Amino acid sequence: MTELLDAARIEAALDWQVLIDELHRWYVEGAVQAPERQVLRMPQPDGSEASLLIMPAWVPGSAIGVKVVTFLPENAQAGRPTINAGYLLFDGETGQMKSAMEADVLTERRTAAASALAASRLARPDARRLVIAGTGQLSRAMARAHSVVRDYDTIWIWGRNADSAEHVARDLQADGLPASAVTDLQAACETADVISTVTASTKPLIRGQWLRPGTHLDLVGAFREDMRESDDRAISQARIFVDTRDGAMRSGDLFQPAEVGLFDPTHIEADLAELCRRDHPGRENAEDFTVFKSVGQALTDLAAAQLATARSHPETAATPLA
């Protein structure tokens, strides 16, 4: 009998600190095998373009998992989620299915936890001001996860829709976080210590000239070559770190400046596994600009799915699949 984990059970199982620690362990152990994810473009009847992402991973003899994600950016105009996902987890020894889960919350949590894990090595220890650019599904998760690894006394939420930013800020305030909405992104960035971008932008939002020395920039939203959240200066002035080299180089934030000779892929200093294993020391200078570019990694999905399944209580709440 296969267990179905719904969003509520996944959220309850994936405590932020526990998940961050678990991702760190998986990165250090390095047992996961994961092909590069497939990103399939799907032209829509209205002329827009959607994406289908397929992300498999396995630990030989232990676990096998695959996530399928749909990205429909036009959903935002109708007030619907732009990203939807499902995850299947199999026993790595027998091949039997162990669990199926609604992976929207799984994706939110593992993405934010990975960014927080990177920030624990790259953001200044005394970081106190956090900016979240974007008001979609990931915005709340990013604020909550980053607040686990640094003690922020100010969290600013910016979005193109001011009402949406206010709504996100109120939700975070209800959690006891010092959040407030802002309408001037430049002013917020000019005094920020950490900036996390979670948008579907195809043009740069964050300008390098806005950033003061020591700023850590967490670029999350742009995962395709035609998407971008930062300008050339933000990349060229920074020390660059990524979740995976190949994946990050397929994002517009790195691909586009590389295409015109403004960024050399060999200048990527470390991936997240190397940071966790301390093959690279991370931040070395309080004045350094640092960038962490993530596009999502199947390792983090498998780790989160295994953790959610292990920490759930199937004896009282399992739901069989037909």
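# Pockets, a cavity and salt bridges in a predicted model

L219 is buried, with a relative accessible area of 0%; buried means under 20% relative accessible area, exposed over 50%, and partly exposed in between, with a 1.4 Å probe and protein chains only. This residue lies in strand β11 (residues 216-219), where strands (E, at least two residues) and helices (H or I, at least four) are DSSP runs numbered from the N terminus. Leaving aside residues up to four places away in sequence, L219 touches T197, E229, S230, I235, D253, V291, F292, K293 and S294, a contact being heavy atoms within 4.5 Å.

## Basis and confidence

This is a predicted model in which local features need pLDDT of at least 70 and side-chain atom pairs count only at pLDDT 80 or more, while totals for chains, interfaces and linings use all residues. Residues are numbered from 1 along each chain as its sequence is written, and side-chain values use heavy atoms, with hydrogens and water left out.

The protein chain averages a pLDDT of 92, and 97% of the residues score at least 70; pLDDT is the predictor's confidence in each residue, from 0 to 100. Over residues 314-322 the pLDDT is below 50, and this stretch has 15 contacts in the model beyond near neighbours in sequence. Where pLDDT is low, the predicted coordinates should not be read in detail.

## Salt bridges

Side chains of opposite charge can pair when their charged atoms come close. The structure holds 24 salt bridges, each being a side-chain nitrogen of Lys or Arg within 4 Å of a carboxyl oxygen of Asp or Glu.

| Salt bridge | N to O distance |
|---|---|
| E11 and R109 | 3.5 Å |
| R239 and E269 | 2.9 Å |
| K293 and D253 | 3.6 Å |

E11 counts as partly exposed at 40% relative accessibility, whereas R109 counts as buried at 11%.

The salt bridge of R239 and E269 links distant parts of the chain, with R239 in strand β12 (residues 239-242) and E269 in strand β13 (residues 268-271), 30 residues apart. R239 is buried, with a relative accessible area of 14%, and E269 counts as partly exposed at 30% relative accessibility.

K293 and D253, which form a salt bridge, are 40 residues apart, with K293 in strand β14 (residues 290-293) and D253 in helix α9 (residues 252-259). Both K293 and D253 are buried, and both are among the residues that L219 touches. Elsewhere, a network of salt bridges links R124, D126, R129, D193 and R212.

## Pockets

On a 1 Å grid over the protein atoms alone, a pocket is an open set of points with protein on both sides within 12 Å along at least five of seven lines, a cavity is a set of points where a 1.4 Å probe fits but cannot get out, and lining residues have an atom within 4 Å of a point. Grid points are joined across faces, edges and corners, and a volume is the space filled by probe spheres set on the points.

The largest pocket holds about 1300 Å³ of space. It is lined by 50 residues, of which T82, G136, Q137, V198 and A200 are the closest to its centre. Two or more lining residues come from each of β3 (49-59), β4 (63-71), α3 (103-122) and α4 (137-149), and α3 gives the largest share, 6 residues. By class, this lining has 19 nonpolar, 18 polar and 13 charged residues; Ala, Val, Leu, Ile, Met, Phe, Trp, Tyr, Cys and Pro count as nonpolar, Asp, Glu, Lys and Arg as charged, and the others, Gly among them, as polar.

The second largest pocket has a volume of about 530 Å³. Of its 28 lining residues, E36, R37, T244, G247 and G296 are the closest to its centre. The elements that give two or more residues to this lining are α2 (16-29), β2 (38-43), α8 (245-248) and α11 (298-311). Its lining divides into 12 nonpolar, 6 polar and 10 charged residues.

## Cavity

A search of the whole structure finds 1 cavity of 30 Å³ or more, and the largest cavity holds about 70 Å³ of space. Its lining consists of Y27, R110, T111, A114, D243, S294, G296, Q297 and T300. Helix α3 supplies the largest share of this lining, 3 residues. The lining comprises 2 nonpolar, 5 polar and 2 charged residues.
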